[in-house]
Amino acid sequence: MNIHTSRRNFLKSTGALFIAIPFASELKAEVISGKTVDAAQVDAYLALHADGTATIYSGKVDLGTGLRAAFPQIAAEELGLPIDKIKLIEGDTLLTPDQGPTSGSNGIPKGGMQLRQAAATARQALIKLAAEKLGKPVNELDAINGEVRPKAGGAGLSFASLITDKGFELKLDGKAPVRDSRMHQYVGKHVPRPDIPAKATGRHVYMHDFDMPGMMHGRTIRPAIIGAELVSVDESSIASIPGAKIVRIKNFLGVVAPDEWDVVRAAKMLKAEWKGGGLPTDSAGLRDYVKAQKVSSTEALDKAGDFATAYAAAPKKLSGEFYWPTQSHASLGPSCAVADVKEGEATIWCSSQGTHRYAKHFADMLGLPANKMRVHYLDGAGCYGMNGHEDAAADAAFMSKAIGKPVRVQWTREDEHGLDPKGPPQVITQEAALSADGKIVAWHTTMRCPKPTDKLPTIPLLSPVEADAKQVKGIATGSLSSGGKPPYDVPNLLVEVHWLEDTPLRASHLRAPGKIGNCLAVETFMDELALAAGKDPVEFRLAYLSDPRGREAVERVAKLFNWDKRVEPRRNGKGRGIGFTQYKGDETYVAIAMEVDVSADGHIKVTRVAATHDCGQIISPDGVRSQVEGCILQTIGRTLFEEVKFDRNHVTSRDWASYPILTFPDVPEMKIELIDRPNEPPRGAGEAATAPVAAALANAVFDATGIRLRTVPFTAARVKSAMVETGVKFG
Amino acid sequence: MASITLTVNGSARTLDVRDPDKPLLYALRNDLNLKGAKYGCGLGQCGACTVIVDGEAVRSCTSPVSAFAGKKITTIEGLGSPDKPHKVQAAFIAEQAAQCGYCTNGMVMSGAALLEKTPKPTAEQVKDALAQNLCRCGTHERIVSAVVKAGGARG
């Protein structure tokens, strides 16, 4: 079977295929069947149709972040086509190019810019074709409203009349000229997200809602002790459940049944015996465990001058240790996936951020060639990094393979909180020194992080380990060591990471990996230095911040917040603090000012937040704003409440009572200023505004109480005990 | 096998129920193909499964279907449609009050139930009413604004 036939068969055999993909039912199979997915080709990204519409294909997916609006904005702009003529297909491994996973805030900066260049290349080609037909030079023509027309006026030629079904057959030109930002009609303008009407009326088909004929419901049964081996299963324990079947592959244990509620009951009733397993520490001992872990290597990430000599000679020295705990993605909907594994080929529906790379992973694990695995993206509950989506897909795939029918696996709340790969713990130490006249002369950041496995293609999943199936081993965490460098001019600087070989719970990237904790360490330390130097925190930062965009972010946030200049903490239970970052050192600039009330019993309430955000060129202003709001609110919750608790057996914080997140009464007043720079490249907006949140909050608490919080979460009990210890009283 | 008749979105629907403890959520999603209500926790802690029963916001994930015989159930599909949205739904669309949107069902249904009792709620009243509804993406401010605007009070 050649690949074209295979594509057609896929389209024929899976009638339910397109139900969740907007507009896709209008696509003609014969148009798609020969479609390239080679990311170097224009045709991988877009197709123009005879009816004047276009389809754009994106390997990056909308995770609730608004890319579904932004990608058509970019394509409409560059092509010169009304935006309502554009349809988007995302994340389908058979139809979209592999643009890498949708992570690291790179949806727009990488995925969007590939699409922009593809569309710009297409526009050049259309203009060239029209120039030949019209007998006019290319520089007198432009692509407007689905036609190539003389700029001076007169009749044009429709795109459809210029291009055939074969497509462009052109290589993507990374240097094809793009539209002048002053002429933009769509980019930088508000375009409503196309998915919200269906989401607000219960019509949007989420992964969890996907159904197909003959589909069975599955649940995975996992031991009460992580890593335990399966000794025996008592099949008779579920004999009363109609149609229930057990799937056992070595240590993998699943149960399937035609009815979902039946399988929920079966999973609870199934009796199995396990042995062994366990964790090397519990959460209470995690900080000490991390500090005692053997350092496999130490890497200097940034260096300037001579830290050791300058520090030794300086008259004023400060130091501190910071701790960021293990946290969960805590997706609102537990992970869900459907797999249909047939002889020699398989299809998986999954909310993965990286359908392309996991297609390979799933194929390997099932013993299939990569080109016999198709993965479709469907919206899940927000995941902010890799949660359990792919695990649920692997669970479903093993069960489907075993029973020869499509299987839907729905993780439970306990599964999701207990088993999603976690954001690993961080211990960060700071040392810095001031000269006699209060200038920063030396700064040293040290981070202890698990070392990500070099070139690990994907994060290992649970069921391939249990079933002893093929999968590459290793640790992935995202770049935890980014953000340890102060964004300030420091003459003698040393930023180091102590690499650790493992971490107790399975890790993955959790929104802004490492950077919130690192920014907390750097930016609260900047406040400590300001106080020691007798300066106001904003003034002190500006004295060491030379990047004009960084300065503008800080200056504007101070104005937006109505910052009151002060050196000493107020210590009356009400305080304000600031935090600043340039995300990943060279991307988006964010400054956040925050006001808190701290009660006598240690409860922190964030009352007011102001933020400035400069991510270069803004594609979707409301999309960026919504991401900034989400970053701020989610991170206030992560800072105040969130810590994964576990004993030596397993995660014990497996519901919303034991793993609280931010709720409506915790929501502060927010003012956000987006700084648009239409002539700069667009940077990411999905994570940057998380980074300074914990720092601004900690600095505000210091202003309110005189207490430096260096251990997250800032629970009332922790604040109260620090107040008792330091004799702080107010109110 | 017992049969049970529910009134869902204005229509009488009769279901065969093998297990009377089966939660309403599973009956709605799987037997009636009304998938707007979402499974979030199965513990009544997050609100993603909220439906309106005789005017009250109810967690369908923890309530057995057998408890709803003869009651009037409204799901988000019955509240309104993309063409004819309920005023709360219209306000969510206008405010772009969703990111992933998995919590949206609970927010819309709890918001609509609130407006039945408190037609013009203030932001504080909305925050109180939604205090037990969780959103992980951080869309809270827009959600509050949408419900307040749907009620017509000045925020």
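How many salt bridges are counted between domain 1 of chain B and domain 2 of chain B? The count is 1 salt bridge, and the points below set this contact beside others in the model.

1. **Basis of the note.** This is a predicted model, in which local features need pLDDT of at least 70 and side-chain atom pairs count only at pLDDT 80 or more, while totals for chains, interfaces and linings use all residues. Residues are numbered from 1 along each chain as its sequence is written, chains are lettered from A and ligands numbered from 1 in the order in which they are written, and side-chain values use heavy atoms, with hydrogens and water left out.

2. **The two domains of chain B.** Chain B is divided into domain 1 (2-79) and domain 2 (87-151), the bounds coming from an automatic or database domain assignment. To the contact (heavy atoms within 4.5 Å), domain 1 of chain B gives 21 residues and domain 2 of chain B gives 13 residues. Their C-alpha centres lie 21 Å apart, and the area buried between these two domains is about 1300 Å², with 56% given by carbon and sulfur atoms. Buried area here is the accessible area (1.4 Å probe) that two parts lose on being put together, summed over both.

3. **Polar links inside chain B.** A salt bridge (a side-chain nitrogen of Lys or Arg within 4 Å of a carboxyl oxygen of Asp or Glu) joins B:Lys117 and B:Glu56, whose closest N and O atoms are 2.7 Å apart. Between domain 1 of chain B and domain 2 of chain B there are also 8 residue pairs in polar contact, both residues being at pLDDT 80 or more. A polar contact is a pair of N or O atoms within 3.5 Å; within protein, one must be able to donate a hydrogen and the other to accept it, and residues adjacent in sequence count only if both atoms are side-chain atoms. On the side of domain 1 of chain B that touches domain 2 of chain B, at least two residues each are supplied by strand E3 (50-53), strand E4 (56-59) and helix H2 (76-79) of chain B. Helices (H or I, at least four residues) and strands (E, at least two) are DSSP runs, numbered from the N terminus.

4. **Where chain A meets chain B.** In this interface, 59 residues of chain A are in contact with 51 residues of chain B, and the area buried between the two chains is about 4700 Å², 56% of it from carbon and sulfur atoms. In chain A, the residues that lose the most area to chain B are A:Trp261, A:Leu332 and A:Phe664, which together make up 19% of what that side buries.

5. **Polar links between the chains.** Across the interface of chain A and chain B there are 8 salt bridges and 32 residue pairs in polar contact, both residues at pLDDT 80 or more. The largest share of the side of chain A that touches chain B, 9 residues, comes from H17(A). By class, this side of chain A has 24 nonpolar, 17 polar and 18 charged residues, where Ala, Val, Leu, Ile, Met, Phe, Trp, Tyr, Cys and Pro count as nonpolar, Asp, Glu, Lys and Arg as charged, and the others, Gly among them, as polar. B:Arg136 and A:Glu642 meet through their side chains in a salt bridge (2.6 Å, N to O).

6. **Domains of chain A.** Chain A is divided into domain 1 (3-185), domain 2 (208-277 + 329-419) and domain 3 (426-726). Domain 1 of chain A and domain 2 of chain A have C-alpha centres 35 Å apart and bury about 2000 Å² between them, 57% of it on carbon and sulfur atoms. The count between these two domains is 2 salt bridges, and A:Arg374 and A:Asp92 meet in a salt bridge through their side chains (2.6 Å, N to O).

7. **Backbone points to check.** Most residues other than glycine have a negative phi, and most peptide bonds are trans. A cis peptide bond, with omega about 0°, joins A:Val712 and A:Pro713, and A:Pro713 has its place in the loop between helix H18 (693-705) and helix H19 (716-726) of chain A. A:Asn145 is not a glycine, yet has a positive phi of about 55°; A:Asn145 is in the loop between strand E4 (141-144) and strand E5 (147-150) of chain A.
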